[in-house]
Amino acid sequence: MSVQSLFSRAFLIATLERAIRSFAASLASLLTAAGTGLLDTSWFEKLSVAGMASLVTILFAVAGGTLGKGDGPSFIGEERLKGEAPAAPAPAIPVQRTTTDEAPAVPQPTVPEQAPPEPTAVRTGY
């Protein structure tokens, strides 16, 4: 990836999308973790922390874009941005077939027959 592609429109849109998602996720977690009401929470503090999360996300995207092999803000380099040629699919692993399509027969266990138990005499009165 060249430095010029860091400033491409597709790269900036992908980075902005990540920053917005990080902002929303951070703010949502801060609001729910605080356990306060809508009017009782300290909005400035929570918006500040969510803004910092967005900034860190943007810095990660720039670092990933310069380190990765792909065209997007990704460290692993597998991301292809809109308008780019898709990556070649991974080669298929060949599957070895048996000579027949049927599953081998599984022998059933044999259970010896038992004679029914003999009735026992019931004693009445002692």
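Mentor: A salt bridge is a side-chain nitrogen of Lys or Arg within 4 Å of a carboxyl oxygen of Asp or Glu. Keep in mind that this is a predicted model.

Trainee: By this rule, what does the count of salt bridges come to?

Mentor: Look at the side chains of R21 and E17. Their N to O distance is 3.1 Å. The cut-off is 4 Å, so the pair qualifies as a salt bridge. By this rule the count comes to one.

Trainee: How many residues apart are R21 and E17 in helix α1?

Mentor: Helix α1 covers residues 9–34, and R21 and E17 both sit in it. About one helical turn separates them. An α-helix has 3.6 residues a turn, so residues three or four places apart point the same way. The separation of R21 and E17 is four residues.

Trainee: Is R21 buried or exposed?

Mentor: Exposed means over 50% relative accessible area. R21 has 58% relative accessibility. R21, in contrast, counts as exposed.

Trainee: How many helices and strands are there in the protein?

Mentor: Helix α1 covers residues 9–34. Helix α2 covers residues 43–67. The count for the protein is two helices and zero strands.

Trainee: What span does α1 reach from its first C-alpha to its last?

Mentor: α1 has 26 residues. At 1.5 Å a residue, 38 Å is expected. The span in the model is close to that, at 37 Å.

Trainee: Is K46 buried or exposed?

Mentor: K46 lies in helix α2. Leaving aside neighbours within four places in sequence, K46 is in contact with L27, L30, L31, A34 and T41. Its relative accessibility is 9%, and buried means under 20%, so K46 counts as buried.

Trainee: How far apart in space are K46 and L27, C-alpha to C-alpha?

Mentor: L27 is among the buried residues of α1. K46 and L27 are 19 residues apart in sequence. In space, C-alpha to C-alpha, they are 6.4 Å apart.

Trainee: A polar contact joins the side chain of T57 to which residue?

Mentor: T57 lies in helix α2. T57 is buried, with a relative accessible area of 14%. Beyond its neighbours within four places in sequence, T57 is in contact with R18, A19 and S22. The polar contact, at 2.7 Å, joins T57 to S22.

Trainee: How many residues apart in sequence are T57 and A19?

Mentor: A19 is one of the buried residues of α1. The C-alpha atoms of T57 and A19 are 5.7 Å apart in space. In sequence, T57 and A19 are apart by 38 residues.

Trainee: What is the area of the nonpolar surface patch made by M52, L55, V56, L59 and F60?

Mentor: Take L55, found in helix α2. L55 has a relative accessible area of 45%, so it is partly exposed. Together with M52, V56, L59 and F60, L55 makes a patch of about 490 Å².

Trainee: What separates the C-alpha atoms of F7 and V62?

Mentor: F7 is found in the segment before α1. F7 counts as exposed, at 62% relative accessibility. F7 and V62 are 55 residues apart along the chain. Their C-alpha atoms are separated by 9.8 Å.

Trainee: What share of the accessible surface of the protein belongs to carbon and sulfur atoms?

Mentor: Of the 126 residues of the protein, 18% count as buried. The accessible surface comes to about 10900 Å². The share of that surface belonging to carbon and sulfur atoms is 64%.

Notes: Residues numbered from 1 in each chain as written. Predicted model: local features only at pLDDT ≥ 70, side-chain atom pairs only at ≥ 80, totals over all residues. Heavy atoms only, no water. Buried < 20%, exposed > 50% of the residue type's maximum accessible area, 1.4 Å probe, protein only. Contact = heavy atoms within 4.5 Å. Areas by Shrake-Rupley, 256 points an atom, 1.4 Å probe, with all protein chains shown as cover. Patch = residues over 30% accessible without salt bridge, like charges linked within 9 Å, V, L, I, M, F, W, Y side chains within 5 Å. Polar contact = N/O pair within 3.5 Å; in protein donor to acceptor, adjacent residues only side chain to side chain. Expected span 1.5 Å × (residues − 1).
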